[in-house]
Amino acid sequence: MKIGVLTSGGDAPGMNAAIRAVTRTAVNKGMEVIGIQRGYNGLINGETVKLDASSVSGIMQRGGTILYTARCPEFREKAGVEKAKNKCLELGLDGIVVIGGDGSFRGAADLSAAGIPCIGLPGTIDNDIQCTESTIGYDTAMNTAMEMIDKLRDTSQSHDRCSVVEVMGRRAGYIAVNVAIAAGAETCMILEKDYDVDAICENMKNIKDSGKKKHFIIVISEGVGNAEALGKEIEQKTGISTRATVLGHVQRGGSPTVRDRVLATQMGHYAVELLEKGIGNRVVGIKDNKIYDVDIQEALSMQKPFDDDLYQVLTDTAF
Ligand code: ADP
Ligand code: F6P
């Protein structure tokens with residue numbers, strides 16, 4: 001058999017570990033492996049590189065993706081999928097492992113429907129893939145954000161300031177809530193939960209007046225609003241000097257954590273086993289610590305309920 005592997009959409013730490021696992025598992029089963037560069041663009045344009053056991057040596061600990069990644073508007077069109085399918089036939093590919101987010105899975109479903117079996121691996125820091133409890137890159141991004149907030153706390157505390165910190169997550173608050181708990185933030189604002197800036201400010205003033213503490217950390221999720229403007233509003237309403245920090249793309253880089261390396265390796269291994277059986281149009285996930293697979297359309301229509309209990313833990317332990 002000959003299989004392809006590509007990374008698509010936003011990069012995430014652990015994608016290299018997944019590429020390594022796919023390659024090593026496939027090679028050990030006697031398969032040939034082709035790395036497709038820059039996501040679906042590389043498939044349409046034939047940007048490929050042959051991968052073998054040694055070409056994926058030393059990449060486990062590296063952030064980013066050795067295959068590069070991109071967004072490919074052309075692949076959203078029927079003609080783009082047709083071109084990609086023809087390239088797969090030309091390359092003699094029996095299947096493709098697509099590492100990316102839900103957009104990438106929609107593309108993988110289209111390509112599967114066109115006759116090329118595709119397996120999706122959830123690779124995104126946002127953890128916004130409903131069929132899995134954890135995505136590749138999520139744990140590393142949370143650890144990076146937590147370390148950054150620990151540093152911000154040092155300076156906030158020294159100056160008796162409030163720090164408003166914006167973390168990534170597109171439209172999902174998973175990173176924000178977990179990092180807020182782990183970094184001991186006072187509160188966190190996310191799209192999934194109502195919040196009241198006036199009440200937060202009132203609370204801060206009361207805490208300051210009671211002498212309990214004089215510095216504050218507020219984590220906000222991307223999409224909630226402008227961190228700078230919110231910082232100004234808080235400063236004006238509380239009288240507490242406030243600074244805003246947008247952590248940004250630093251959260252997407254760096255060496256993956258143990259959790260992400262192991263998850264990526266398990267998922268990459270599992271994906272090859274599916275392709276070996278001729279199975280396509282599936283997404284791999286982890287549930288109750290077990291790796292499993294689900295139909296792509298079903299995966300895309302699943303709901304992951306917001307963890308209200310976790311938010312309550314933050315609220316009950318913040319002060
Ligand atoms: P992610 O996979 O991280 O969600 P994107 O939404 O940017 O990232 O999707 C990555 C790529 O997947 C896109 O550039 C496009 O090539 C493909 N894609 C996205 N949405 C669709 C769709 N609805 N149908 C087919 N392909 C899609
Ligand atoms: O999906 C990952 C992510 O980092 C989101 O958290 C963020 O909204 C988006 O990608 C940023 O995308 P770009 O790399 O195009 O700026």
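An oxygen atom of ligand 2 lies 2.8 Å from an N or O atom in the side chain of Arg252, a polar contact in the sense of a pair of N or O atoms within 3.5 Å (within protein, one must be able to donate a hydrogen and the other to accept it, and residues adjacent in sequence count only if both atoms are side-chain atoms). For His249, the distance from an N or O atom of the side chain to an oxygen atom of ligand 2 is 2.9 Å, and for a polar side-chain atom of Arg71 it is 3.0 Å. Taken on its own, ligand 2 has 400 Å² of accessible area, of which the protein covers 77%; such areas come from the Shrake-Rupley method with a 1.4 Å probe, and for residues only the protein chains shown count as cover. The residues around ligand 2 also include Thr124, Asp126, Met168 and Glu222, where a residue is near a molecule or strand if one of its heavy atoms lies within 4 Å of it.

The model is predicted: local features need pLDDT of at least 70 and side-chain atom pairs pLDDT 80 or more, whereas totals for chains, interfaces and linings use all residues. Residues are numbered from 1 along each chain as its sequence is written, chains are lettered from A and ligands numbered from 1 in the order in which they are written, and side-chain values use heavy atoms, with hydrogens and water left out.

Ligand 1 has 16 residues around it, of which Arg71, Cys72, Gly101, Gly103 and Ser104 come nearest. An N or O atom in the side chain of Ser104 is 2.5 Å from an oxygen atom of ligand 1. A polar side-chain atom of Asp102 lies 3.2 Å from an oxygen atom of the ligand, and one of Arg76 lies 3.4 Å from a nitrogen atom of ligand 1. The protein buries 87% of the 550 Å² that ligand 1 exposes when taken alone.

Aromatic rings of Phe, Tyr and Trp (its six-membered ring) pair if their centres lie within 6.5 Å, and planes under 30 degrees apart count as stacked, over 60 as edge-to-face and the rest as tilted. The count comes to two aromatic pairs. The pair of Tyr40 and Phe75 is stacked, because the ring centres are 3.8 Å apart and the planes are at 5°. Tyr40 lies in helix 2 (residues 39-45) and Phe75 in the loop between strand 3 (48-51) and helix 3 (78-91), so the pair ties together parts that are 35 residues apart in sequence. Helices (H or I, at least four residues) and strands (E, at least two) are DSSP runs, numbered from the N terminus. Both Tyr40 and Phe75 are buried; buried means under 20% relative accessible area, exposed over 50%, and partly exposed in between (1.4 Å probe, protein chains only).

In strand 5 (residues 118-122), five of the five residues are buried. Cys118, Gly120 and Pro122 lie on one side of strand 5, and Ile119 and Leu121 on the other. Strand 4 (residues 95-100) pairs with strand 5 in the parallel sense over five bridges, where pairing requires that DSSP finds at least two bridges between two strands. Leu121 in strand 5 stands opposite Ile99.

Strand 10 (residues 282-287) and strand 11 (residues 290-295) pair in the antiparallel sense over six bridges. Ile286 has Ile291 in strand 11 as its bridge partner. The two strands form a hairpin with two residues between them, and Asp288 in the turn has a positive phi of about 50°.
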